[in-house]
Amino acid sequence: MKKQYVAIALFFSALFIGQAQDNDLKSKSNGGLKAGYNLASVQYDGEAETGQRSGFHVGLYGESYFTEFAAIQIEVMYSQQGYEIETDAGIFTQKLNYINLPLLLKLYPVRTFYLEAGPQIGYAISHKETYDANFNLFDTSQEFEPNNFDYGVNFGAGFKTESGVTLGARYHLGLGDVYDEGEPKNRVWQFSVGFAF
């Protein structure tokens with residue numbers, strides 16, 4: 001009989017501890033706003049990359065913990081991408097802007113530092129190529145249609161304070177072709193700051 005009581009007590013203790021841990025994980029889960037600086041380029045034919053275009057990204061994120069040291073994060077981000085090529089004759093700029101949906105696995109080796117990796121899909125919402133010549137007569141601006149969808153993988157790391165402020169750096173390795181010819185693929189460095197709600 002005593003063994004039965006001990007078994008029942010252990011069962012309810014384990015159940016209580018599991019619920020407490022689940023509640024702790026739920027309390028750690030959060031969402032917020034993040035924004036930052038982009039350095040974007042395009043790699044053609046698997047060879048050298050173009051020059052970089054400066055831009056920004058901004059959007060929302062939700063982070064959900066499934067263990068004390070691991071979480072899944074999903075984001076909805078507006079991201080300015082593309083590239084620049086500067087020559088003696090002028091500056092050619094490709095302005096390519098996306099709505100991106102990254103899905104990231106985040107691992108916390110320590111409470112305030114994380115590593116992240118995961119896939120991303122993107123939808124091109126605008127695209128413009130401009131040529132800023134040294135002589136204004138030859139300046140041009142023209143719309144081109146890229147492939148609507150882009151996809152790739154992200155790798156990054158960052159710091160997170162107890163108050164929910166994050167500082168992160170991420171590299172996006174595009175795997176989809178921006179155009180049908182030349183196999184151009186997005187390459188983007190992102191440096192961001194986030195604020196939990």
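Modeller: Tyr108 is buried, because its relative accessibility is 4%. Buried means under 20% relative accessible area, exposed means over 50%, and partly exposed lies in between, with a 1.4 Å probe and protein chains only. This is a predicted model, numbered from 1 along each chain as its sequence is written. Local features need pLDDT of at least 70 and side-chain atom pairs 80 or more, totals for chains, interfaces and linings use all residues, and side-chain values use heavy atoms, without hydrogens or water.

Now the rings. The structure holds nine aromatic pairs (Phe, Tyr and Trp rings, the six-membered one for Trp, with centres within 6.5 Å; planes under 30 degrees apart are stacked, over 60 edge-to-face, the rest tilted). One of them joins Tyr44 and Tyr83, edge-to-face, with 6.3 Å from centre to centre and 85° between the planes. Tyr44 sits in the loop between β1 (30–43) and β2 (53–67), and Tyr83 sits in strand β3 (residues 70–87), so the pair ties together parts 39 residues apart in sequence. Strands (E, at least two residues) and helices (H or I, at least four) are DSSP runs, numbered from the N terminus. Tyr44 is partly exposed, because its relative accessibility is 26%. Tyr83 is buried, at 5% relative accessible area. Tyr108 also has a partner: its ring centre lies 5.8 Å from that of Tyr114, and the planes meet at 55°, so this pair is tilted. Tyr114 is buried, with a relative accessible area of 5%. One aromatic cluster is made by Tyr44, Tyr83 and Phe92.

Next, the chain around the rings. The protein chain has one helix and nine strands. Its pattern along the sequence is α-β-β-β-β-β-β-β-β-β. Of its 197 residues, 38% are buried. Take the contacts (heavy atoms within 4.5 Å) with a separation of 6 or more: 59% of them join residues 24 or more positions apart. The accessible surface of the chain comes to about 11600 Å² (Shrake-Rupley method, 1.4 Å probe; for residues, only the protein chains shown count as cover). Carbon and sulfur atoms hold 64% of that surface.

Strand β5 has residues to look at too. Pro119 is found in β5. Pro119 is partly exposed, at 45% relative accessibility. Beyond its neighbours within four places in sequence, Pro119 is in contact with Leu101, Pro102, Leu103, Gly152 and Val153. Ile125 is partly exposed, at 45% relative accessibility.

His172 lies in strand β8 (residues 165–174). His172 is buried, because its relative accessible area is 3%. The side chains of His172 and Asn154 are joined by a polar contact of 2.9 Å. A polar contact is a pair of N or O atoms within 3.5 Å; within protein, one must be able to donate a hydrogen and the other to accept it, and residues adjacent in sequence count only if both atoms are side-chain atoms. Setting aside neighbours within four places in sequence, the contacts of His172 include Gln120, Asp150, Tyr151, Gly152 and Val153. Asn154, Asn186, Arg187 and Val188 are also among them.
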